[in-house]
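The following account leads a new reader through one protein structure, step by step. Please keep the sequence and the structure in view while reading.

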Amino acid sequence: MTKNNFPIYLSLATVFGILIGVFINGNNAGFSLNSNTKNEAKIRRLMDYIDQNYVDTINTTNLLDSAISEMIGKLDPHSAYIPKEDLQDIQDRMQGKFVGVGIQFRLINDSVTVIEPIKGGPSIKAGIKAGDRILIADKDTLSGKNLSSNDVPIFLKGTSGTDVTLQVYRKTNDSLFNLRVTRGDVNIKSVDLSYMINDHIGYIKLDRFARNTYREFTTALTKLTNLGMDDLVLDLRGNGGGFIDIANSIVDEFLEDDALIVFTKNNKGQIEEYFATKDGAFEKGKLYVLIDENSASASEIVAGALQDNDKGTIIGRRSFGKGLVQVEMGLGDGSAVRLTTARYYTPTGRSIQKPYAKNGDINYYKDYQERILSGELLYKDSIQVTDSLRYETPAGKVVYGGGGIIPDVFVGIDTTGYLSNFYFRSISNFSFDYVDENRKELSKNWPLDLFLESFDKDDTVFQSYVSTINTINNASFKTKEKIRSYIKATIAREIFGDEGFYRSIQKDDAMLQKVLELDASIE
């Protein structure tokens, strides 16, 4: 699996999560067609005509796949056709594991470079370390082949229990050697990180709602409680969704028994309701939920359920607005469709789904640009609400339907000192190279707290980066400060993982700063 280069600012995984939709209770459904129906006979006859009589040779399987995809695309933005070659990867992601060697990597100078071996995975047990270059997998050369990031897993994934021999170059001691790695289950973590922001506020960031998410969440919650947590920040920014039952289980930890969490309604008007069912582990403390324009589906179920039950404070920007329920249905050849079968509604009756055009809508996934142009991502007053979709919570708080969850406390995007993708890429590359050159020194007894307090106080590393970038001379003071902060954070990530990055960038995170401001005012 590749490592996301810019975890707090941009998450391409969000788009993936939104596109694949939501499973209802995690069940895969199947369906069958009556082989005597006129429609099926019509399709079979057409395929036979093409196969037997078309002037050129054509792959009718690919043609049928394209036709199915086009047909499903006419329904709504979230129903989707999944070819058999893609289905396993998607299911692996949602199950929260895959079979392989277990590394996070980047292609650097056309070499597969290990950013971090995944904890508990086969590669870390075999002795692979951060910074290692994997040159050959069995007899397949991986370096100098102009591979893409999507090509690499083909050589490393496989059947559980099978071996792959890797030729590895280790820069720290200039050695070249072979390692045999036995492929096995590799966990795809759902809880990006959890830590204490201060002596009483804990922080948990959820990346998705996969099969392993609830277990990881409760483990993190218990850890933080044992560290003295009284209040919790639940970060759902960029979380594109997942399984509804996992989302419900997490909400259940915050709500009292019998509180309505969410309900669905299908095309026959049938309603299915989901209620809190047990004593939750965090029903008493203050709760802050962070959302943004990329929080979708199950994330919106969580935020909507808490908001409508007057639990906690929702902070951020209006969420994506994905409130359609998909069920996976196998097509008999290893492919599947995710078909929309119902809509989600919050406890007060608000539809989560934003409007969309039938027969496709090319602007549906360009919503971000539209929100920028309208000012919605910058100013709370620019969020459009409809009086006819006005609802009240049991405590009398006014909330609105119409798509997405509008936060209780708005925090706009920060346009001052904006960093372009050029800076993100160049800083990430610079930070990796810096750590790669100084890995021995940086890994010697330097705890994270000391790093955050003391690293680069004399600006030596910052100036080293500046010397490589011509455009920075014209940058504003605010931009330079953001660059300085991001360099430190990305170096912290290379050394300490995600916790290093997020703890380093925390003082520049406007939503977390808003949490601290609100928490201080309540004390």
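Predicted model: local features only at pLDDT ≥ 70, side-chain atom pairs only at ≥ 80, totals over all residues.

The buried residues of helix α16 pack against strands β11 and β12 and against helices α13 (448-454) and α15 (477-496). Helix α16 spans residues 498-505 and is mostly covered, with 6 of its 8 residues buried. The buried residues are D498, G500, F501, Y502, S504 and I505.

What is the order of its strands? The sheet is open and has 6 strands, arranged as β11-β12-β13-β16-β17-β22, and the pairing is mixed. Strands β11 (191-196) and β22 (409-410) stand at the edges; each has a single partner strand, so one side of each is left without a neighbour in the sheet. In general, the strands of a sheet pair through backbone hydrogen bonds, in either a parallel or an antiparallel manner. Strands β11 and β12 (residues 201-206) run antiparallel and are joined by 5 bridges. Within this pair, S194 stands opposite I204 in β12. Helix α7, formed by residues 213-226, packs on the sheet and touches β11, β12 and β13 (231-235). The direction of α7 makes about 10° with that of β11.

Attention may now turn to charged side chains. Side chains of opposite charge can pair when their charged atoms come close. The count of salt bridges in this model comes to 37, and three of them are described here in turn.

One of these salt bridges is formed by D185 and K97, whose closest N and O atoms are 4.0 Å apart. D185 belongs to strand β10 (residues 184-187) and K97 to strand β3 (residues 97-100), so that the pair links distant parts of the chain, 88 residues apart. D185 counts as partly exposed, because its relative accessibility is 47%. K97 is partly exposed as well, with a relative accessible area of 42%.

Another salt bridge brings together the side chains of E494 and R106, at 3.5 Å from N to O. Because E494 lies in helix α15 and R106 in strand β4 (residues 103-108), the pair ties together parts that are 388 residues apart in sequence. Are these two residues, E494 and R106, buried or exposed? Both of them are buried.

The side chains of K171 and E437 also meet in a salt bridge, with a distance of 2.5 Å from N to O. K171 lies in the loop between β8 (163-170) and β9 (175-182), whereas E437 lies in helix α11 (residues 421-437); the pair therefore ties together parts that are 266 residues apart in sequence. K171 counts as partly exposed at 33% relative accessibility, while E437 counts as exposed at 54%. Salt bridges that share partners join R133, K171, D436, E437 and R439 into one network.

A last stop concerns nonpolar side chains on the surface. Y54, V55, I58 and L63 form a nonpolar patch there, and together they have about 370 Å² of accessible area. Y54 is found in the loop between α2 (38-53) and α3 (60-73). With a relative accessible area of 46%, Y54 is partly exposed.

Conventions
Residues numbered from 1 in each chain as written. Heavy atoms only, no water. Pairing = 2+ DSSP bridges. Helix = DSSP H or I, 4+ residues; strand = E, 2+ residues; numbered from the N terminus. Contact = heavy atoms within 4.5 Å. Axes fitted to C-alpha atoms, helices over the stretch in contact; angles between N-to-C directions. Patch = residues over 30% accessible without salt bridge, like charges linked within 9 Å, V, L, I, M, F, W, Y side chains within 5 Å. Areas by Shrake-Rupley, 256 points an atom, 1.4 Å probe, with all protein chains shown as cover. Buried < 20%, exposed > 50% of the residue type's maximum accessible area, 1.4 Å probe, protein only.
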